[in-house]
Amino acid sequence: MEEGVAAAKILVDAGYDSLNVDAGTYDSWYWNHPPMYFEDGMYREFGRILKQEVDVPIILAGRMDNPELAEESIGTCCDIISYGRPLLADAEIATKIKEGRVDEIRPCLGCHEGCMGRIANATVSCAVNSACGRENIYGLTPALQKKKILVAGGGIAGMETARVCALRGHDVVLCEKSDHLGGNLIPGGVPHFKRYDLKLVDYYKRQMELQGVEVHLNTEVTADTAKSFQADIIVCASGSTPKQMTVNGELPVYTADEVLLGKQDASDQIVIIGGGLVGCETALWLAQQGKKVSVVEILPEILGGHGAMPHMNYYMLTDLLNYHKVDIYTDTKVLKTTSDGVVVETDGTQKVLPAKTVIASIGYIENNMLYEQLKDSEIPVYNIGDSSQVHNIMYAIWNAYELARGL
Ligand SMILES: Cc1cc2nc3c(=O)[nH]c(=O)nc-3n(C[C@H](O)[C@H](O)[C@H](O)COP(=O)(O)O)c2cc1C
Ligand code: SF4
(Lines give C-alpha, C1' and ligand atoms only; values in the text may rest on other atoms or scores of the structure.)
(Ligands and ions follow the chains in the order given, each with its own letter.)
Protein backbone atom coordinates (compact mmCIF):
# COMPACT_ATOMS: atom_id res chain seq x y z
CA MET A 1 0.00 0.00 0.00
CA GLU A 2 2.73 2.50 0.94
CA GLU A 3 4.46 2.02 -2.39
CA GLY A 4 1.16 2.40 -4.28
CA VAL A 5 0.25 5.57 -2.42
CA ALA A 6 3.76 7.02 -2.98
CA ALA A 7 3.51 6.21 -6.71
CA ALA A 8 0.04 7.80 -6.89
CA LYS A 9 1.35 11.01 -5.32
CA ILE A 10 4.26 11.16 -7.77
CA LEU A 11 1.83 10.76 -10.69
CA VAL A 12 -0.52 13.46 -9.41
CA ASP A 13 2.43 15.83 -8.82
CA ALA A 14 3.49 15.13 -12.39
CA GLY A 15 0.08 16.30 -13.63
CA TYR A 16 -2.15 13.22 -13.81
CA ASP A 17 -5.82 14.28 -13.84
CA SER A 18 -7.27 11.10 -12.39
CA LEU A 19 -6.23 7.64 -11.22
CA ASN A 20 -7.73 4.24 -11.98
CA VAL A 21 -7.42 1.90 -9.00
CA ASP A 22 -6.49 -1.68 -9.76
CA ALA A 23 -4.49 -4.30 -7.92
CA GLY A 24 -2.23 -7.22 -8.65
CA THR A 25 0.89 -7.90 -10.65
CA TYR A 26 2.04 -10.68 -12.94
CA ASP A 27 2.98 -12.58 -9.76
CA SER A 28 -0.46 -12.16 -8.21
CA TRP A 29 -2.35 -12.55 -11.45
CA TYR A 30 -5.76 -13.19 -9.96
CA TRP A 31 -5.85 -9.81 -8.23
CA ASN A 32 -5.85 -7.90 -11.51
CA HIS A 33 -8.22 -10.37 -13.15
CA PRO A 34 -10.51 -11.28 -10.25
CA PRO A 35 -12.26 -14.65 -10.65
CA MET A 36 -15.66 -15.47 -9.15
CA TYR A 37 -14.01 -16.62 -5.91
CA PHE A 38 -13.61 -12.95 -4.90
CA GLU A 39 -16.38 -10.95 -3.27
CA ASP A 40 -17.83 -8.08 -5.35
CA GLY A 41 -16.02 -4.74 -5.24
CA MET A 42 -12.68 -6.19 -4.12
CA TYR A 43 -10.72 -2.99 -4.89
CA ARG A 44 -12.95 -0.68 -2.84
CA GLU A 45 -10.62 -0.63 0.16
CA PHE A 46 -7.70 0.45 -2.07
CA GLY A 47 -9.86 3.22 -3.56
CA ARG A 48 -10.92 4.37 -0.09
CA ILE A 49 -7.30 4.65 1.08
CA LEU A 50 -6.15 6.38 -2.09
CA LYS A 51 -9.02 8.85 -1.98
CA GLN A 52 -7.71 10.10 1.37
CA GLU A 53 -4.20 10.56 -0.05
CA VAL A 54 -4.69 12.37 -3.38
CA ASP A 55 -7.16 14.97 -4.61
CA VAL A 56 -7.80 13.84 -8.19
CA PRO A 57 -10.87 11.78 -9.15
CA ILE A 58 -10.53 8.06 -8.42
CA ILE A 59 -11.90 5.56 -10.93
CA LEU A 60 -12.76 2.11 -9.61
CA ALA A 61 -13.46 -1.23 -11.35
CA GLY A 62 -13.59 -4.77 -9.95
CA ARG A 63 -17.00 -6.45 -9.94
CA MET A 64 -18.92 -3.23 -9.42
CA ASP A 65 -21.92 -4.39 -11.46
CA ASN A 66 -24.31 -4.31 -8.52
CA PRO A 67 -25.78 -0.78 -8.85
CA GLU A 68 -26.39 -0.46 -5.09
CA LEU A 69 -22.78 -1.33 -4.30
CA ALA A 70 -21.63 1.06 -7.02
CA GLU A 71 -23.80 3.88 -5.73
CA GLU A 72 -22.72 3.55 -2.10
CA SER A 73 -19.05 3.45 -3.16
CA ILE A 74 -19.16 6.82 -4.90
CA GLY A 75 -17.83 9.49 -2.59
CA THR A 76 -16.20 7.10 -0.13
CA CYS A 77 -14.11 4.76 -2.31
CA CYS A 78 -14.15 6.48 -5.67
CA ASP A 79 -15.63 9.21 -7.84
CA ILE A 80 -16.26 7.21 -11.00
CA ILE A 81 -17.22 3.56 -11.46
CA SER A 82 -15.66 1.78 -14.41
CA TYR A 83 -16.69 -1.49 -15.97
CA GLY A 84 -14.32 -3.95 -17.56
CA ARG A 85 -15.75 -7.42 -17.96
CA PRO A 86 -19.37 -6.43 -17.27
CA LEU A 87 -19.20 -4.49 -20.55
CA LEU A 88 -17.94 -7.55 -22.39
CA ALA A 89 -20.83 -9.57 -21.00
CA ASP A 90 -23.37 -6.82 -21.75
CA ALA A 91 -22.36 -3.65 -23.56
CA GLU A 92 -25.65 -2.05 -22.53
CA ILE A 93 -25.09 -2.40 -18.78
CA ALA A 94 -24.88 1.35 -18.14
CA THR A 95 -28.07 2.09 -20.09
CA LYS A 96 -29.92 -0.76 -18.40
CA ILE A 97 -28.89 0.49 -14.93
CA LYS A 98 -29.92 4.02 -15.87
CA GLU A 99 -33.32 2.86 -17.10
CA GLY A 100 -33.95 0.57 -14.13
CA ARG A 101 -33.76 -2.57 -16.25
CA VAL A 102 -31.31 -4.34 -13.94
CA ASP A 103 -33.04 -7.69 -14.47
CA GLU A 104 -32.11 -7.46 -18.15
CA ILE A 105 -28.35 -7.28 -17.52
CA ARG A 106 -26.43 -10.31 -18.74
CA PRO A 107 -23.97 -10.94 -15.89
CA CYS A 108 -20.23 -11.52 -16.15
CA LEU A 109 -19.41 -14.85 -14.46
CA GLY A 110 -15.79 -14.16 -13.52
CA CYS A 111 -14.81 -17.24 -15.54
CA HIS A 112 -12.32 -15.67 -18.01
CA GLU A 113 -13.09 -18.44 -20.50
CA GLY A 114 -13.99 -16.02 -23.27
CA CYS A 115 -11.86 -12.98 -22.40
CA MET A 116 -8.44 -13.14 -20.74
CA GLY A 117 -8.39 -16.94 -20.82
CA ARG A 118 -7.95 -16.96 -24.58
CA ILE A 119 -6.10 -13.70 -25.10
CA ALA A 120 -2.83 -15.45 -25.96
CA ASN A 121 -4.25 -16.98 -29.11
CA ALA A 122 -7.57 -15.31 -29.89
CA THR A 123 -9.25 -11.93 -29.71
CA VAL A 124 -11.13 -10.93 -26.57
CA SER A 125 -14.70 -12.13 -26.43
CA CYS A 126 -17.00 -13.34 -23.67
CA ALA A 127 -18.37 -16.69 -22.51
CA VAL A 128 -21.90 -15.37 -22.10
CA ASN A 129 -21.87 -13.06 -25.14
CA SER A 130 -20.77 -14.87 -28.30
CA ALA A 131 -20.86 -11.75 -30.47
CA CYS A 132 -18.61 -9.76 -28.10
CA GLY A 133 -15.64 -8.29 -29.95
CA ARG A 134 -17.02 -9.28 -33.36
CA GLU A 135 -20.45 -7.69 -33.32
CA ASN A 136 -20.30 -6.46 -36.92
CA ILE A 137 -19.60 -9.85 -38.42
CA TYR A 138 -21.30 -12.08 -35.88
CA GLY A 139 -24.43 -10.16 -34.89
CA LEU A 140 -28.03 -11.20 -35.46
CA THR A 141 -30.23 -10.58 -38.48
CA PRO A 142 -34.02 -11.09 -38.72
CA ALA A 143 -35.05 -14.55 -39.90
CA LEU A 144 -35.89 -14.63 -43.61
CA GLN A 145 -38.76 -17.02 -43.00
CA LYS A 146 -40.61 -17.25 -39.71
CA LYS A 147 -40.58 -20.81 -38.41
CA LYS A 148 -41.92 -22.65 -35.41
CA ILE A 149 -39.01 -23.93 -33.35
CA LEU A 150 -39.31 -26.49 -30.57
CA VAL A 151 -36.48 -26.43 -28.04
CA ALA A 152 -36.31 -29.52 -25.81
CA GLY A 153 -34.50 -28.60 -22.60
CA GLY A 154 -34.44 -25.50 -20.42
CA GLY A 155 -30.77 -25.39 -19.51
CA ILE A 156 -28.45 -22.65 -20.69
CA ALA A 157 -28.01 -24.02 -24.24
CA GLY A 158 -31.77 -24.41 -24.68
CA MET A 159 -32.53 -20.95 -23.34
CA GLU A 160 -29.86 -19.27 -25.47
CA THR A 161 -31.27 -21.02 -28.55
CA ALA A 162 -34.77 -19.88 -27.62
CA ARG A 163 -33.63 -16.32 -26.90
CA VAL A 164 -31.78 -15.90 -30.19
CA CYS A 165 -34.48 -17.60 -32.30
CA ALA A 166 -37.23 -15.46 -30.73
CA LEU A 167 -35.17 -12.28 -31.14
CA ARG A 168 -34.81 -13.09 -34.83
CA GLY A 169 -38.57 -13.40 -35.21
CA HIS A 170 -39.24 -17.13 -34.92
CA ASP A 171 -42.10 -18.61 -32.97
CA VAL A 172 -40.40 -20.54 -30.14
CA VAL A 173 -41.72 -23.18 -27.74
CA LEU A 174 -39.35 -24.36 -25.02
CA CYS A 175 -40.15 -27.50 -23.02
CA GLU A 176 -38.40 -28.46 -19.80
CA LYS A 177 -39.07 -31.78 -18.13
CA SER A 178 -38.39 -30.56 -14.57
CA ASP A 179 -40.31 -27.85 -12.75
CA HIS A 180 -37.60 -25.22 -13.24
CA LEU A 181 -35.24 -23.69 -15.79
CA GLY A 182 -31.47 -23.60 -15.47
CA GLY A 183 -30.27 -27.20 -15.93
CA ASN A 184 -26.88 -27.99 -14.41
CA LEU A 185 -26.40 -24.37 -13.35
CA ILE A 186 -28.85 -24.94 -10.50
CA PRO A 187 -26.52 -27.29 -8.56
CA GLY A 188 -23.48 -25.53 -10.04
CA GLY A 189 -24.65 -22.17 -8.69
CA VAL A 190 -25.15 -23.32 -5.09
CA PRO A 191 -21.75 -22.22 -3.67
CA HIS A 192 -21.68 -18.51 -2.85
CA PHE A 193 -18.73 -18.02 -5.20
CA LYS A 194 -20.89 -19.28 -8.10
CA ARG A 195 -23.73 -16.81 -7.44
CA TYR A 196 -23.32 -15.26 -10.89
CA ASP A 197 -24.29 -18.58 -12.48
CA LEU A 198 -27.68 -18.22 -10.81
CA LYS A 199 -27.85 -14.60 -11.96
CA LEU A 200 -27.33 -15.90 -15.48
CA VAL A 201 -30.28 -18.25 -15.05
CA ASP A 202 -32.38 -15.29 -13.85
CA TYR A 203 -31.24 -13.30 -16.88
CA TYR A 204 -32.40 -16.07 -19.20
CA LYS A 205 -35.72 -16.50 -17.40
CA ARG A 206 -36.40 -12.81 -17.91
CA GLN A 207 -35.36 -13.08 -21.56
CA MET A 208 -37.85 -15.91 -22.07
CA GLU A 209 -40.57 -13.50 -20.91
CA LEU A 210 -39.30 -10.49 -22.83
CA GLN A 211 -38.83 -12.35 -26.11
CA GLY A 212 -42.19 -14.09 -25.82
CA VAL A 213 -40.87 -17.65 -25.68
CA GLU A 214 -43.65 -20.09 -24.79
CA VAL A 215 -42.17 -22.03 -21.85
CA HIS A 216 -43.68 -25.33 -20.71
CA LEU A 217 -42.30 -26.69 -17.44
CA ASN A 218 -42.90 -30.29 -16.30
CA THR A 219 -43.08 -31.17 -19.99
CA GLU A 220 -40.74 -33.78 -21.36
CA VAL A 221 -40.42 -33.96 -25.14
CA THR A 222 -40.28 -37.59 -26.21
CA ALA A 223 -40.08 -39.31 -29.57
CA ASP A 224 -43.86 -39.82 -29.29
CA THR A 225 -44.87 -36.30 -28.27
CA ALA A 226 -42.43 -34.33 -30.47
CA LYS A 227 -44.74 -34.39 -33.50
CA SER A 228 -47.67 -32.94 -31.59
CA PHE A 229 -45.87 -29.57 -31.36
CA GLN A 230 -46.01 -29.27 -35.18
CA ALA A 231 -42.63 -27.58 -35.24
CA ASP A 232 -40.59 -26.84 -38.36
CA ILE A 233 -37.34 -27.41 -36.50
CA ILE A 234 -36.49 -29.26 -33.29
CA VAL A 235 -33.47 -28.38 -31.18
CA CYS A 236 -32.50 -30.96 -28.55
CA ALA A 237 -30.74 -29.41 -25.57
CA SER A 238 -31.31 -32.15 -23.04
CA GLY A 239 -28.10 -31.57 -21.10
CA SER A 240 -25.99 -34.07 -19.20
CA THR A 241 -26.13 -36.18 -16.04
CA PRO A 242 -23.35 -36.82 -13.49
CA LYS A 243 -21.56 -40.13 -13.99
CA GLN A 244 -22.26 -42.54 -11.16
CA MET A 245 -19.45 -44.44 -9.50
CA THR A 246 -19.59 -47.69 -7.57
CA VAL A 247 -16.91 -48.26 -4.96
CA ASN A 248 -16.87 -51.56 -3.10
CA GLY A 249 -17.15 -51.23 0.64
CA GLU A 250 -19.19 -49.85 3.47
CA LEU A 251 -19.85 -46.21 2.62
CA PRO A 252 -22.37 -44.98 0.05
CA VAL A 253 -21.00 -42.82 -2.76
CA TYR A 254 -22.96 -39.66 -3.59
CA THR A 255 -22.59 -37.40 -6.60
CA ALA A 256 -21.51 -33.76 -6.14
CA ASP A 257 -24.92 -32.69 -7.49
CA GLU A 258 -26.77 -34.63 -4.80
CA VAL A 259 -24.78 -32.91 -2.07
CA LEU A 260 -24.93 -29.45 -3.67
CA LEU A 261 -28.69 -29.72 -3.99
CA GLY A 262 -29.08 -30.89 -0.39
CA LYS A 263 -30.48 -34.28 -1.42
CA GLN A 264 -27.70 -35.93 0.60
CA ASP A 265 -26.05 -34.50 3.70
CA ALA A 266 -22.30 -34.12 3.86
CA SER A 267 -20.71 -35.00 7.21
CA ASP A 268 -17.74 -33.08 8.64
CA GLN A 269 -15.23 -35.52 7.13
CA ILE A 270 -15.39 -35.93 3.37
CA VAL A 271 -13.43 -37.57 0.58
CA ILE A 272 -14.13 -36.35 -2.94
CA ILE A 273 -13.16 -38.68 -5.76
CA GLY A 274 -12.21 -36.64 -8.82
CA GLY A 275 -10.18 -33.43 -8.84
CA GLY A 276 -11.72 -31.73 -11.88
CA LEU A 277 -13.42 -28.33 -11.64
CA VAL A 278 -16.66 -29.67 -10.12
CA GLY A 279 -14.79 -31.82 -7.57
CA CYS A 280 -12.45 -28.98 -6.56
CA GLU A 281 -15.21 -26.35 -6.34
CA THR A 282 -17.37 -28.72 -4.28
CA ALA A 283 -14.33 -29.34 -2.04
CA LEU A 284 -13.85 -25.59 -1.57
CA TRP A 285 -17.54 -25.03 -0.82
CA LEU A 286 -17.55 -27.79 1.82
CA ALA A 287 -14.20 -26.68 3.33
CA GLN A 288 -15.53 -23.11 3.60
CA GLN A 289 -18.25 -24.61 5.84
CA GLY A 290 -15.52 -25.83 8.20
CA LYS A 291 -15.52 -29.46 7.04
CA LYS A 292 -12.39 -31.56 6.61
CA VAL A 293 -12.12 -32.40 2.91
CA SER A 294 -9.71 -34.55 0.89
CA VAL A 295 -9.66 -34.75 -2.90
CA VAL A 296 -8.40 -37.90 -4.64
CA GLU A 297 -7.31 -37.60 -8.26
CA ILE A 298 -5.99 -40.49 -10.32
CA LEU A 299 -4.09 -38.16 -12.69
CA PRO A 300 -0.80 -36.40 -11.80
CA GLU A 301 -2.54 -32.98 -11.41
CA ILE A 302 -5.92 -31.60 -10.36
CA LEU A 303 -8.01 -29.31 -12.58
CA GLY A 304 -6.56 -30.86 -15.73
CA GLY A 305 -3.16 -29.40 -14.89
CA HIS A 306 -1.67 -26.01 -15.56
CA GLY A 307 -3.13 -24.34 -18.65
CA ALA A 308 -6.33 -26.39 -18.89
CA MET A 309 -8.36 -23.47 -17.53
CA PRO A 310 -7.70 -19.71 -17.32
CA HIS A 311 -4.60 -19.12 -15.17
CA MET A 312 -6.15 -16.64 -12.74
CA ASN A 313 -9.01 -18.99 -11.89
CA TYR A 314 -6.65 -21.96 -11.60
CA TYR A 315 -4.23 -20.17 -9.28
CA MET A 316 -6.92 -18.66 -7.08
CA LEU A 317 -8.80 -21.94 -6.71
CA THR A 318 -5.66 -23.93 -5.87
CA ASP A 319 -4.58 -21.21 -3.39
CA LEU A 320 -8.00 -21.30 -1.75
CA LEU A 321 -7.99 -25.10 -1.49
CA ASN A 322 -4.62 -24.81 0.20
CA TYR A 323 -5.81 -21.96 2.46
CA HIS A 324 -8.83 -24.01 3.58
CA LYS A 325 -6.55 -27.02 4.22
CA VAL A 326 -8.09 -29.32 1.64
CA ASP A 327 -5.79 -32.34 1.28
CA ILE A 328 -5.06 -33.16 -2.35
CA TYR A 329 -3.93 -36.66 -3.34
CA THR A 330 -2.84 -36.89 -6.98
CA ASP A 331 -1.65 -40.03 -8.79
CA THR A 332 -3.91 -41.80 -6.33
CA LYS A 333 -6.39 -44.61 -6.97
CA VAL A 334 -9.47 -45.39 -4.89
CA LEU A 335 -9.65 -49.08 -3.93
CA LYS A 336 -12.60 -49.42 -1.56
CA THR A 337 -14.39 -47.86 1.39
CA THR A 338 -14.48 -49.10 4.98
CA SER A 339 -16.36 -47.77 8.00
CA ASP A 340 -13.23 -45.63 8.69
CA GLY A 341 -12.96 -44.02 5.28
CA VAL A 342 -11.58 -44.52 1.79
CA VAL A 343 -8.72 -46.92 1.08
CA VAL A 344 -6.46 -45.52 -1.63
CA GLU A 345 -3.26 -46.59 -3.34
CA THR A 346 -0.54 -44.07 -4.01
CA ASP A 347 3.10 -44.76 -4.93
CA GLY A 348 2.45 -48.48 -4.56
CA THR A 349 1.33 -48.19 -0.93
CA GLN A 350 -2.14 -48.30 0.54
CA LYS A 351 -3.53 -45.85 3.08
CA VAL A 352 -6.89 -44.97 4.60
CA LEU A 353 -8.21 -41.43 4.19
CA PRO A 354 -10.64 -40.88 7.09
CA ALA A 355 -14.16 -40.12 5.83
CA LYS A 356 -17.80 -40.38 6.77
CA THR A 357 -19.03 -39.07 3.42
CA VAL A 358 -17.76 -40.03 -0.03
CA ILE A 359 -18.57 -37.93 -3.08
CA ALA A 360 -17.73 -38.91 -6.64
CA SER A 361 -17.20 -36.17 -9.17
CA ILE A 362 -15.94 -38.01 -12.22
CA GLY A 363 -17.62 -36.13 -15.03
CA TYR A 364 -20.93 -35.94 -16.85
CA ILE A 365 -22.53 -38.02 -19.56
CA GLU A 366 -24.49 -36.63 -22.53
CA ASN A 367 -28.28 -37.05 -22.40
CA ASN A 368 -28.50 -37.59 -26.16
CA MET A 369 -31.27 -40.18 -26.25
CA LEU A 370 -33.92 -37.77 -27.54
CA TYR A 371 -31.68 -36.60 -30.37
CA GLU A 372 -30.79 -40.17 -31.32
CA GLN A 373 -34.50 -41.02 -31.49
CA LEU A 374 -35.46 -37.93 -33.49
CA LYS A 375 -32.47 -37.31 -35.74
CA ASP A 376 -33.96 -39.12 -38.76
CA SER A 377 -37.27 -37.20 -38.62
CA GLU A 378 -38.66 -35.48 -41.70
CA ILE A 379 -37.89 -32.07 -40.20
CA PRO A 380 -34.41 -30.81 -39.24
CA VAL A 381 -33.34 -31.85 -35.73
CA TYR A 382 -30.26 -30.45 -34.01
CA ASN A 383 -28.39 -31.42 -30.86
CA ILE A 384 -26.61 -28.70 -28.89
CA GLY A 385 -24.99 -27.97 -25.54
CA ASP A 386 -24.06 -30.76 -23.14
CA SER A 387 -26.37 -33.28 -24.84
CA SER A 388 -24.17 -32.91 -27.90
CA GLN A 389 -20.84 -32.81 -26.05
CA VAL A 390 -20.27 -32.20 -22.36
CA HIS A 391 -18.36 -28.96 -21.86
CA ASN A 392 -18.72 -25.67 -19.99
CA ILE A 393 -21.10 -22.68 -20.02
CA MET A 394 -19.20 -20.91 -22.78
CA TYR A 395 -19.47 -23.86 -25.14
CA ALA A 396 -23.18 -24.28 -24.36
CA ILE A 397 -23.88 -20.61 -25.14
CA TRP A 398 -21.58 -20.27 -28.14
CA ASN A 399 -22.83 -23.54 -29.61
CA ALA A 400 -26.46 -22.44 -29.19
CA TYR A 401 -25.85 -18.95 -30.60
CA GLU A 402 -24.01 -20.34 -33.61
CA LEU A 403 -26.92 -22.63 -34.42
CA ALA A 404 -29.72 -20.18 -33.64
CA ARG A 405 -28.31 -17.26 -35.65
CA GLY A 406 -28.51 -19.37 -38.80
CA LEU A 407 -31.97 -20.94 -38.43
C1 LIG B 1 -9.63 -8.36 -21.48
C2 LIG B 1 -9.08 -7.59 -20.31
C3 LIG B 1 -7.92 -6.86 -20.47
C4 LIG B 1 -7.41 -6.15 -19.39
N5 LIG B 1 -6.28 -5.44 -19.56
C6 LIG B 1 -5.78 -4.69 -18.54
C7 LIG B 1 -4.61 -3.88 -18.70
O8 LIG B 1 -4.01 -3.84 -19.76
N9 LIG B 1 -4.17 -3.17 -17.63
C10 LIG B 1 -4.82 -3.20 -16.42
O11 LIG B 1 -4.39 -2.53 -15.49
N12 LIG B 1 -5.91 -3.96 -16.23
C13 LIG B 1 -6.42 -4.69 -17.25
N14 LIG B 1 -7.54 -5.44 -17.06
C15 LIG B 1 -8.16 -5.47 -15.72
C16 LIG B 1 -9.28 -4.45 -15.64
O17 LIG B 1 -8.75 -3.16 -15.71
C18 LIG B 1 -10.08 -4.53 -14.32
O19 LIG B 1 -9.29 -4.14 -13.25
C20 LIG B 1 -10.57 -5.92 -14.00
O21 LIG B 1 -11.08 -6.54 -15.14
C22 LIG B 1 -11.63 -5.85 -12.90
O23 LIG B 1 -12.72 -5.04 -13.21
P24 LIG B 1 -14.10 -5.62 -13.83
O25 LIG B 1 -14.68 -6.54 -12.80
O26 LIG B 1 -14.94 -4.42 -14.09
O27 LIG B 1 -13.73 -6.36 -15.08
C28 LIG B 1 -8.08 -6.16 -18.13
C29 LIG B 1 -9.24 -6.91 -18.00
C30 LIG B 1 -9.76 -7.63 -19.06
C31 LIG B 1 -11.01 -8.43 -18.87
S1 SF4 C 1 -15.56 -14.45 -20.41
FE2 SF4 C 1 -16.28 -14.79 -18.31
S3 SF4 C 1 -15.00 -13.41 -17.05
FE4 SF4 C 1 -14.75 -12.75 -19.18
S5 SF4 C 1 -16.24 -11.11 -19.39
FE6 SF4 C 1 -17.24 -12.98 -20.09
S7 SF4 C 1 -18.30 -13.84 -18.32
FE8 SF4 C 1 -16.85 -12.28 -17.58
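A residue counts as buried when its relative accessible area is under 20%. Keep that cut-off at hand. The model used here is predicted.

**Exercise 1. Helix H8**

Find out which residues of H8 are buried, and state what covers them.

*Solution.* 
Step 1. Apply the cut-off to H8. The buried residues are Ile156, Ala157, Gly158, Met159, Glu160, Thr161, Ala162, Arg163, Val164, Cys165 and Ala166.
Step 2. Buried residues make up 11 of the 12 in H8, so the rest of the structure largely encloses it.
Step 3. Look for the cover. It includes strands S4 (148-152), S5 and S7 (233-236). Helices H9, H10 and H15 also belong to it.
Step 4. Check the length. H8 reaches 16 Å from its first C-alpha to its last, close to the expected 16 Å at 1.5 Å a residue.
Step 5. Go past the end of H8. Gly169 follows, with a positive phi near 105°.

**Exercise 2. Helix H10**

*Solution.* 
Step 1. The expected span is 1.5 Å times one less than the number of residues.
Step 2. List the buried residues of H10. They are Arg195, Tyr196, Asp197, Leu200, Val201, Tyr203, Tyr204, Gln207 and Met208.
Step 3. Recall the helix rule. An α-helix has 3.6 residues a turn, so residues three or four places apart point the same way.
Step 4. Name the cover. It includes helices H8 (156-167), H9 (185-188) and H15 (393-404), and strands S5 (171-175) and S6 (214-216).
Step 5. After H10 comes Gly212, with a positive phi near 70°.

**Exercise 3. Val278**

Is Val278 buried, partly exposed or exposed? Which residues does Val278 contact beyond its neighbours within four places in sequence?

*Solution.* 
Step 1. Val278 is in helix H12, residues 277-287.
Step 2. Its relative accessibility is 29%, so Val278 counts as partly exposed.
Step 3. Leave out the neighbours within four places. Val278 then contacts Ala256, Ser361 and Tyr364.
Step 4. Compare sequence with space. Val278 and Ile362 are 84 residues apart in sequence, yet their C-alpha atoms are 8.6 Å apart.

**Exercise 4. Ligand 2**

Locate ligand 2 and sort the residues of its shell by type.

*Solution.* 
Step 1. Ligand 2 sits in the largest cavity.
Step 2. Residues around ligand 2 include Arg85, Leu88, Cys108, His112, Glu113 and Ala127.
Step 3. The shell divides into seven nonpolar, three polar and two charged residues.

Conventions
Residues are numbered from 1 along each chain as its sequence is written. Chains are lettered from A and ligands numbered from 1 in the order in which they are written. This is a predicted model: local features need pLDDT of at least 70, side-chain atom pairs count only at pLDDT 80 or more; totals for chains, interfaces and linings use all residues. Side-chain values use heavy atoms; hydrogens and water are left out. A residue is near a molecule or strand if one of its heavy atoms lies within 4 Å of it. On a 1 Å grid over the protein atoms alone, a cavity is a set of points where a 1.4 Å probe fits but cannot get out, and a pocket is an open set with protein on both sides within 12 Å along at least five of seven lines; lining residues have an atom within 4 Å of a point. A molecule sits in a cavity or pocket if more than half of its atoms lie within 2 Å of its grid points. Ala, Val, Leu, Ile, Met, Phe, Trp, Tyr, Cys and Pro count as nonpolar, Asp, Glu, Lys and Arg as charged, and the others, Gly among them, as polar. Buried means under 20% relative accessible area, exposed over 50%, partly exposed in between (1.4 Å probe, protein chains only). Helices (H or I, at least four residues) and strands (E, at least two) are DSSP runs, numbered from the N terminus. Contact means heavy atoms within 4.5 Å.
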